[in-house]
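Try each task before reading its solution.

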Amino acid sequence: MFSKEESKKMRQEFWIFFGKRYPRKWLLYNTKIKDFSLKFSFDTKKAQVSFDVSSNEPIYREYYFEKLLSLKKLMEEDISNAIVFEENYILNNGKSTSRCYVQLDDVSIHNKNHWPQVFDFFNNEMSKFEAFFLEYEDFIKS
């Protein structure tokens, strides 16, 4: 078990090492769509790469989530057939978002032996998410 401070330090180390291993500018929040982003998530049980629609406005969230759902078959082909769509995904902080994601199970940010596997997962999967977004950006934005 780690204290809050130790956990925070390990999380910071992970992201620093990830950035050094893959020193590139990720798209992430630069989608030019309000409250629509690509995200890396890593906790003590799993790692995820996702599209998130985090607006507090239900109509806005529903609109973009439906757009993503309409692209489901293409996402399964281009990203992964294991992609998960959750309209009301609850984040660790208790907030709700709409999320389409791929997940790597049984990894922990507190276990440095898992980090290389997660680094590769993040790099491979986010590259697919970014390519998909750039291919269908006009449709998603419209």
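**Exercise 1. A residue in a strand**

Glutamine 48 has its place in strand 2, residues 46-53. Bear in mind as you go that this is a predicted model. Decide whether glutamine 48 is buried or exposed, and find which side chains are joined to the side chain of glutamine 48 by polar contacts.

*Solution.* 

- Step 1: The relative accessible area of glutamine 48 is 1%. Buried means under 20%, so glutamine 48 is buried.
- Step 2: The side chain of glutamine 48 makes a polar contact of 3.2 Å with that of tyrosine 89.
- Step 3: A polar contact of 2.6 Å links the side chains of glutamine 48 and arginine 99.
- Step 4: Now look at the surroundings, leaving aside neighbours within four places in sequence. Glutamine 48 is in contact with residues including Lys39, Phe40, Ser41, Tyr101, Phe121 and Phe122. Tyr89 and Arg99 are among its contacts as well.

**Exercise 2. The loop between helix 1 and strand 1**

Tyrosine 29 lies in the loop between helix 1 (4-21) and strand 1 (36-42). Work out whether tyrosine 29 counts as buried or exposed, and which residues it is in contact with beyond four places in sequence. Then examine the phi of leucine 28.

*Solution.* 

- Step 1: The relative accessibility of tyrosine 29 is 59%. Exposed means over 50%, so tyrosine 29 counts as exposed.
- Step 2: With neighbours within four places set aside, tyrosine 29 is in contact with Ser37 and Lys39.
- Step 3: Lysine 39 is 10 residues away from tyrosine 29 along the chain, and their C-alpha atoms are separated by 8.0 Å.
- Step 4: Leucine 28 lies in this loop between helix 1 and strand 1 too. Its phi is positive, about 40°, although leucine 28 is not a glycine. For background, most residues other than glycine have a negative phi.

**Exercise 3. Another positive phi**

Go to aspartate 106, in the loop between strand 4 (96-105) and helix 4. Find its phi and say whether aspartate 106 is buried or exposed.

*Solution.* 

- Step 1: The phi of aspartate 106 is near 60°, which is positive in a residue other than glycine.
- Step 2: With a relative accessible area of 70%, aspartate 106 is exposed.

**Exercise 4. Helix 1 against helix 4**

Describe how helix 1 and helix 4 pack, starting from the angle and the distance between their axes.

*Solution.* 

- Step 1: The angle is about 55°, and the axes are 11 Å apart. Helix 1 is therefore oblique to helix 4.
- Step 2: The crossing of helix 1 and helix 4 is right-handed.
- Step 3: Helix 1 brings Met10, Glu13, Phe14, Trp15, Phe17, Phe18 and Arg21 to the contact, while helix 4 brings Trp115, Pro116, Val118, Phe119, Asp120, Phe122 and Asn123.
- Step 4: Sorted by kind, the residues of this contact are 10 nonpolar, 1 polar and 3 charged.

**Exercise 5. Helix 2 against helix 4**

Repeat the analysis for helix 2 (residues 58-70) and helix 4 (residues 115-141).

*Solution.* 

- Step 1: The axes of helix 2 and helix 4 come within 10 Å and cross at roughly 135°. Helix 2 is therefore oblique to helix 4.
- Step 2: The crossing of helix 2 and helix 4 is right-handed.
- Step 3: Tyr64, Lys67, Leu68 and Ser70 of helix 2 meet Phe139, Ile140 and Lys141 of helix 4.
- Step 4: The residues of the contact of helix 2 with helix 4 comprise 4 nonpolar, 1 polar and 2 charged.

Key
Residues numbered from 1 in each chain as written. Predicted model: local features only at pLDDT ≥ 70, side-chain atom pairs only at ≥ 80, totals over all residues. Heavy atoms only, no water. Axes fitted to C-alpha atoms, helices over the stretch in contact; angles between N-to-C directions. Helix = DSSP H or I, 4+ residues; strand = E, 2+ residues; numbered from the N terminus. Parallel < 35°, antiparallel > 145°, perpendicular 65-115°, else oblique. Left-handed = near helix turned anticlockwise from the far one by under 90°. Contact = heavy atoms within 4.5 Å. Nonpolar A, V, L, I, M, F, W, Y, C, P; charged D, E, K, R; others polar. Buried < 20%, exposed > 50% of the residue type's maximum accessible area, 1.4 Å probe, protein only. Polar contact = N/O pair within 3.5 Å; in protein donor to acceptor, adjacent residues only side chain to side chain.
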